Amino acid sequence: MTSPSSAFAMKPLDDLEQRVTLYAAVVGGAAFLGLWAPGFFETTALLGASIGVVLAGLLGYSSRRRSRFFAGVMSFLVAFPWPVTLAGTPFLILGMWLWFRGKPSPEEIEARRQARDEALAAKRAARGKGGRRSGRGGDGDAPAASTGKAPPKPSKRYTPPARKR
């Protein structure tokens with residue numbers, strides 16, 4: 001499992017969360033079909049069932065991708081188009097569970113910060129710019145070594161400011 005790139009990114013779904021989300025998608029799709037089935041000869045019921053099955057399918061797809069953010073969003077969306085009032089509550093709970101478990105712990109955030117700081121220090125050391133030096137020689141420091149690049153040539157198109165009359 002790879003770590004997220006930033007301190008605020010969500011972790012990918014672990015195996016338990018992936019299984020629970022996939023089972024919820026299957027149960028949600030079957031429940032949408034079962035609840036809307038008595039009215040399949042009406043366009044409203046057919047449209048409601050198809051929307052529910054598509055949303056449940058997207059929830060299953062997001063669980064297979066292990067995308068925590070997408071799975072949380074899809075579980076919230078699956079929670080709303082139910083014909084029964086409280087039938088979407090388990091999907092709301094699933095979405096909250098996925099999102100709150102996805103936050104990195106303070107230890108993980110600190111480890112990422114230390115890794116980032118070490119990488120920056122290594123990059124600066126590789127470039128030879130580990131710290132600032134004054135170059136004045138007053139405190140015994142040697143002037144900063146040149147990088148071998150010549151300074152840029154002055155522009156030939158410089159127009160001096162006009163004289164005052």
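**Entry 1: W99 and its rings**

I started at W99, which is partly exposed at 27% relative accessibility. My cut-offs: buried is under 20% relative accessible area, exposed is over 50%, and partly exposed is in between, with a 1.4 Å probe and protein chains only. I noted that this is a predicted model, where local features need pLDDT of at least 70, side-chain atom pairs count only at pLDDT 80 or more, and totals for chains, interfaces and linings use all residues. Residues are numbered from 1 along each chain as its sequence is written, and side-chain values use heavy atoms, with hydrogens and water left out.

Next I searched the whole structure for aromatic pairs and got 2. I counted rings of Phe, Tyr and Trp (its six-membered ring) as paired if their centres lie within 6.5 Å; planes under 30 degrees apart are stacked, over 60 edge-to-face, and the rest tilted.

How far apart are the ring centres of F69 and W99? I read 5.7 Å, with the planes at 5°, so this pair is stacked. F69 sits in helix α3 and W99 in helix α4, so the pair links distant parts of the chain, 30 residues apart. For helices I took DSSP runs (H or I, at least four residues), numbered from the N terminus. F69 itself is exposed, at 52% relative accessible area.

I then took F76 against W99. The ring centres are 5.1 Å apart and the planes stand at 80°, so I logged the pair as edge-to-face. This pair also links distant parts of the chain: F76 belongs to helix α3, W99 to helix α4, and 23 residues separate them. F76 is buried, with 17% relative accessible area. Together, ring pairs join F69, F76 and W99 into a cluster.

**Entry 2: salt bridges**

My rule was a side-chain nitrogen of Lys or Arg within 4 Å of a carboxyl oxygen of Asp or Glu. By that rule I count 5 salt bridges.

I looked at R101 with D14 and found N to O at 3.1 Å. Why does this pair tie together parts that are apart in sequence? R101 lies in helix α4 (residues 89–101) and D14 in the segment before α1 (15–36), so the parts joined are 87 residues apart. Both ends are partly exposed: R101 at 36% relative accessibility, D14 at 25%.

Then I checked R68 with E17. Their side chains form a salt bridge, 2.6 Å from N to O. R68 is in helix α3 (residues 68–78) and E17 in helix α1, 51 residues apart, and the pair links distant parts of the chain. Are R68 and E17 buried or exposed? I have both down as buried.

Which residue does E17 also bridge, with the closest N and O atoms 2.6 Å apart? I found R101. That pair runs from helix α1 to helix α4, across 84 residues. I looked up E17 again: its relative accessible area is 0%, hence buried. I wrote down the network as D14, E17, R68 and R101, linked by salt bridges.

**Entry 3: S63**

Last, I went to S63. S63 is found in helix α2 (residues 43–65). S63 is buried at 0% relative accessible area. What does S63 touch, not counting residues up to four places away in sequence? I listed L13, Q18, T21 and L22. Contact here means heavy atoms within 4.5 Å.

Methods. Helices (H or I, at least four residues) and strands (E, at least two) are DSSP runs, numbered from the N terminus.
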